[in-house]
Amino acid sequence: MRVSALTRFLGLSMALGLILAACGTQGGGSPGASSGGVESQAPEPNELAILEWSGYEAEDFWTDFAQAHPDTEVTFEFGDTDANILALMQGGSQADVFHFYTGWQQFYVDAGLVREIDTSKLSNWDAVPDAYKELGQIDGKQYFLPWDWGFTSILYNTEHVPEVTSWDVLMDPAYEGHVSMWNDGPAAVAVSSYINGWDETNLTDEQLAEIEADWIAQKPLNAFYWSGEYTDLCPAVQDGTVWVAYAWQGCYATALAAGDPVAYATPEEGRNSWFGLYGISADTDSYELALEFLDMKLAETTCANAVSLFYYGCANGDVMAAIDDPVLIEAFAINDPSILESTNFTPLVTEEQRTAWTAMWERVQAE
Amino acid sequence: MLGRRGTLPFLAGPPALWLALFFVVPLLLIAAFSLRAGSGAVGPAGAWVPSIEHYQQVFGTPAFLRLLGLSVATAVGIATLATLLAYPVAYYLTFRAGTRATLYLTLLLIPFAVSYLLRVMAWKLMLGPDGGINSLLQGLGLTSEPLGLLLYSRPAVIVTLVYVWVPFAALPIYAAMQRIDRSHLEAAADLGAGPWARFWRVTVPLSLPGALATFFMVFIPTVGEYVTPALVGGTDGIMYGNIILGFFTRSANWPLGSAMAMIMLVLTLLLVVVALRIVDLRRVSL
């Protein structure tokens, strides 16, 4: 009898748990992104949750908002890749604002995860060049706010590696044990597409199989696949473990400012360029506060901090025009206006491509 | 006072509810995800179409199966090493430390005062090109440049995890040895058994349940380990758990990650059952 009572008790507990879990999922609104500018009936809570990349929680990255709203509680949740950020949002993240990078815009809109931005309420919006604004638009609606931007290229140690002219240096066995690739499938597909001269948005199955084989062959060359730019990659570049790396310009500027023997390639296939975008969650109860947060991200001090302290470009054109630090001029190739002509901008990808590319990368790692 | 009928729900109820909510329910959700068609990351209220496509994909990918086998082998090695290294520590605490046993036991547990991540990161520094071990080797003139094998390799994962587990691994063996009735050892001595014979024929069999508990306590979580391989393993030291993590994070493909997790869970349970059938504890426990 005691066993049967316990069994009934456990069964009831599990059923209760399942019901609670089912009720606790993301809001079940209809598919399709929400419209902005709809005022909540209840007063908004004085707190804001941000789904961010590790490092961006530093107050220098949102100093204008912190000063304007000293009583607002700002909390951070972290992701480490675009797929991770999307997974967290799809999985019911409670974040009011989320941060991701170009190529992934359509998924958020299609899944109804993002609310349109009422740009009439952004006081710093006019400082953003129109070309940047367009990156955040889907079907003519401004769903995303462009903020940080930069390059991806080859960062290399000039004491061990002669001038780099191609992305294929990542595949060079001469640097075995001293290479580091970003731990990201779409990035691997982009690099292979540059090397082979393929259109990454229009790959055949055979081409994807060839890409997989190339990265499996490349795997032993890596010391490790890096996940965090400042936590994994930069220390290894600066201590001499890594000589050749897939890298963003922030790590390059950091090492350059420290006097390390590094250079940042302009490959014949062109650099890659990316843009960071902020979206407001469709489920937020703090839409007005989220708008204020985005507006303050574009404010002069916050943008200048992103540029001068963290070596990221910022969407505020006035701030970028005022750069005079030689390290930053070098990092952003400001003295080479032609560089953008050969730069590969990160394209939009489909869900089918994302699934195939990320699964390919997991297979590469498992080999 | 509660009667016997009231005691069970009173004592077992809270932990059972806790486990049901935070262990059984998540496990059922993972099982449900693994049988859901399509990819992506969705809440349990999302559309759910049953499918075994993810299990087919895992079993159809030799690289995943090879890595699972390698991870099991690595975990067996780590569990064996940790058990062998912990056994003498437990023996000393039980039979030789005398009144200082409590002090030594406290010292043994001091590493737990430091965060697991910090302990692993310490090894990253130790094994790095400018770390203590490479500096020592170069200082002694044994190497002319830093050894690359030390960090970002499978041996680095094994060394670090054995270090992490050894203090913890000694506890079940110590508990088992404390339960050994000293009269068995005295009887063996009276019957002419020497120290080695008493150790092999009395102490070892009677402490075997503790040693086996230690082995499985290390083996089971190590099969799915992903933090240490991510920090010190590099591309060579990746384990099956890292790929599961990848499907939940980098790839945003929860159903496939769930299928991989379920396969690992079932395999681990099977290995434990098989091992326990091979080593029948009822026969070794007097």
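1. B:Met260 touches B:Val58, B:Phe64, B:Ile243, B:Ile244 and B:Phe247, residues up to four places away in sequence being left out; contact requires C-beta atoms, placed from the backbone, within 7 Å. The model is predicted: local features need pLDDT of at least 70 and side-chain atom pairs pLDDT 80 or more, while totals for chains, interfaces and linings use all residues. Residues are numbered from 1 along each chain as its sequence is written, and chains are lettered from A and ligands numbered from 1 in the order in which they are written.

2. B:Met260 is also among the residues with the most contacts inside the largest nonpolar core, together with A:Leu155, A:Val237, A:Val244 and A:Tyr252; this core has 170 residues. Helix α7 (residues 154-178) of chain B gives the most to the core, with 15 residues. A nonpolar core is a set of buried Ala, Val, Leu, Ile, Met, Phe, Trp, Tyr and Cys residues joined through C-beta atoms within 7 Å. Buried denotes 20 or more other C-beta atoms within 10 Å of the residue's own.

3. Chain B has 13 helices and zero strands, where helices (H or I, at least four residues) and strands (E, at least two) are DSSP runs numbered from the N terminus. Its C-alpha atoms fill a box of roughly 70 × 70 × 35 Å along the principal axes. Of the 286 residues in chain B, 35% are buried.

4. Chain A is divided into domain 1 (47-149 + 274-344) and domain 2 (153-271 + 348-366), with bounds from an automatic or database domain assignment. The C-alpha centres of the two domains lie 25 Å apart, and 21 residues of domain 1 are in contact with 21 residues of domain 2. On the side of domain 1 that touches domain 2, α13(A) gives the most, with four residues.

5. How do helices α6 (residues 185-196) and α14 (residues 351-366) of chain A cross? Their axes come within 7 Å and cross at roughly 95°, which makes α6(A) roughly perpendicular to α14(A), a label for angles of 65 to 115 degrees. Axes are lines fitted to C-alpha atoms over the stretch in contact, with angles from 0 to 180 degrees between N-to-C directions. A:Gly185, A:Pro186, A:Ala188 and A:Val189 in α6(A) meet residues of α14(A) including A:Trp357 and A:Trp361.

6. In helix α11 (residues 300-308) of chain A, the buried residues are A:Thr302, A:Cys303, A:Asn305, A:Ala306 and A:Val307. Their cover includes β7 (144-157) and α10 (287-297) of chain A.

Notes
Buried ≥ 20, exposed ≤ 12 C-beta atoms within 10 Å, placed from the backbone. Contact = placed C-beta atoms within 7 Å. Parallel < 35°, antiparallel > 145°, perpendicular 65-115°, else oblique.
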